[in-house]
Amino acid sequence: MNAMRRRGRAAVLTGMVCAAGVAATGCVGSGPGSGSADGPLALYTWAASEGDQQQWADFISGARQEDPNLEIVVEGPSFQDYWTKVKTRLSGANPPCLLTTQAARAQELGELLMPLDDLVENSGLGDGDVDESMLSGMTIDGTLRAIPYDAEPIVLFYNVDAFEAAGLELPGVEYTRDRFLADARALTAAGTLGVSLAPGIFMPNAWALADGVPAVTEDGELDLTDPDFVEQIQSLFDLVAVDGVAKAPEAAYGAEMAQQAFTNGEAAMYIDGPWNYATLEDASEFTVGMTIIPSSDGKARGMTAGSGFGIATTCDRPEEAFAALTALTSLPVQEKQAAARGIVPSRIDALPAWAEGKREGSAEVIEALLGSATPQRTTPTWNQVETLMMQYGVLGYRGEMTAEEVMETIQNSVGG
């Protein structure tokens, strides 16, 4: 785990709950807000599906092993509705104390999330090994707003059987763009498309960040027309229009069709999050491998996506709420979630639990990516960016528009 230590040590979270009398029952349903001074805390999150409800119940069950007195009730809409309804919920009667957010959308909820720095400093908690890129993603205007529970670097999955049949060396923790393209061409010549591409901005963003080029500046400004970013997107478009190693993704089909093309063996490589590792394995009849997103120099640079727990600015029990979210993100809870659900934990020392049962070398890929990672940053206009990329991106892949034209169209449409 020495490579993981280079991810840095952050002065938060040891996983020890210092406050007493704080709480969680694992009850999921329509909650009563933060409740009375001695009642359960409410967690408002995406909780509409059975899978979501089970996930939060598992988090709370694990947290109760850290503090048996912990009581938390869960309420919330679907994931899609959460980002708009959370604002309405906090302006209503008896608002909840605990919220979830994603690093990619933390800026969107910034005014709703309480700064945690003073609570961290006053808690008596020592150094904790938490992924720095996710802490950065949860930081708004210089203050930490949420504690991450996962840190998912986007990866390149590949069909091991197809690589071996084509006589290609399997990629590992280094993978250059030149080698990737040569492999994609060889695989396409052998009758399988080199790579399956999904519509939208997520995959292009991960591709560009592998070369250290962001779509959003550190100041939170959309910068799609930066020449370096445009060059990155053009190289992705060229996989279809010039190199012929992929099909242009159709917006109407969505990302699930790109995933299906990979699991069906129609394409030999596919970019996705490591949280889908087990899903891809279960759906495939071949051995699934995992490597870094290829970069010009072959070095690993991750784009991390992940979520965490924060405290609502309206919460009148911040100390109790902080102790609760500390328990929810403790090392034992993250180990349990990593083993049971396959999420890459934000705590460095929980990674072995994720690595259990994975193909040899998978943990090393995650380590390499997180060793030099950047969080997926977005802007309040990101939904518009996604929609427009779904619309115009296909024209770029087909060679009907250049990346410069596509990016200028999107940037001008959303107004920065």
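**Reading burial, pairing and packing in a predicted model**

Colleague: Does Ser-362 count as buried or exposed?

Modeller: Ser-362 has a relative accessibility of 2%, so it counts as buried, the cut-off being under 20%. Please keep in mind that the model is predicted. Ser-362 belongs to helix 15, which covers residues 362–370. Leaving aside residues up to four places away in sequence, Ser-362 touches Tyr-277, Met-290 and Trp-354.

Colleague: What is the overall make-up of the chain, in helices and strands?

Modeller: The chain contains 17 helices and 14 strands. Of its 416 residues, 56% count as buried. As for contacts between residues at least 6 apart in sequence, 79% of them join residues at least 24 apart.

Colleague: Which way do the residues of strand 11 point?

Modeller: Val-288 and Met-290 point one way from strand 11 (residues 288–291), while Gly-289 and Thr-291 point the other way. All four are buried.

Colleague: In which sense do strand 9 and strand 11 pair?

Modeller: In general, strands of a sheet pair through backbone hydrogen bonds, in either a parallel or an antiparallel sense. Here, strand 9 (residues 155–159) pairs with strand 11 in the antiparallel sense, over four bridges. Phe-157 stands opposite Met-290 of strand 11.

Colleague: What surrounds Tyr-158, and which residues does it touch?

Modeller: Tyr-158 is found in strand 9. Its relative accessible area is 3%, so Tyr-158 is buried. Not counting residues up to four places away in sequence, its contacts include Phe-163, Leu-170, Phe-262, Ala-268 and Met-269. Tyr-158 and Ala-267 are 109 residues apart in sequence, yet their C-alpha atoms are 8.8 Å apart in space.

Colleague: In what order do the strands of the open three-stranded sheet lie?

Modeller: The order is 8-12-14, and the pairing is mixed. Strand 8 (152–153) and strand 14 (373–375) each have a single partner strand, so one side of each is left without a neighbour in the sheet. Strand 8 and strand 12 (residues 302–305) run antiparallel and are joined by two bridges. Within this pair, Glu-152 stands opposite Ala-305. Helix 8 (residues 202–209) packs on the sheet, where it touches strand 12 and strand 14. The direction of helix 8 makes about 140 degrees with that of strand 12.

Colleague: How do the axes of helix 2 and helix 13 cross?

Modeller: Two packed helices are described by the angle between their axes and the distance between the axes. The axes of helix 2 (residues 50–66) and helix 13 (residues 331–341) come within 9 Å and cross at roughly 145 degrees. The crossing is right-handed. On the side of helix 2, the contact involves Gly-51, Gln-54, Gln-55, Asp-58 and Phe-59, together with Ser-61, Gly-62, Ala-63 and Glu-66. Helix 13 contributes Pro-332, Val-333, Lys-336, Gln-337 and Arg-341. By class, this contact has four nonpolar, six polar and four charged residues.

Colleague: How many residues of helix 12 are buried?

Modeller: Helix 12 (residues 318–328) is mostly covered, with nine of its eleven residues buried. Among them are Pro-318, Phe-322, Leu-325 and Leu-328. An α-helix has 3.6 residues a turn, so residues three or four places apart point the same way. The buried residues of helix 12 also include Ala-321, Ala-323, Ala-324, Thr-326 and Ala-327.

Notes. Residues numbered from 1 in each chain as written. Predicted model: local features only at pLDDT ≥ 70, side-chain atom pairs only at ≥ 80, totals over all residues. Heavy atoms only, no water. Buried < 20%, exposed > 50% of the residue type's maximum accessible area, 1.4 Å probe, protein only. Axes fitted to C-alpha atoms, helices over the stretch in contact; angles between N-to-C directions. Left-handed = near helix turned anticlockwise from the far one by under 90°. Contact = heavy atoms within 4.5 Å. Nonpolar A, V, L, I, M, F, W, Y, C, P; charged D, E, K, R; others polar. Pairing = 2+ DSSP bridges.
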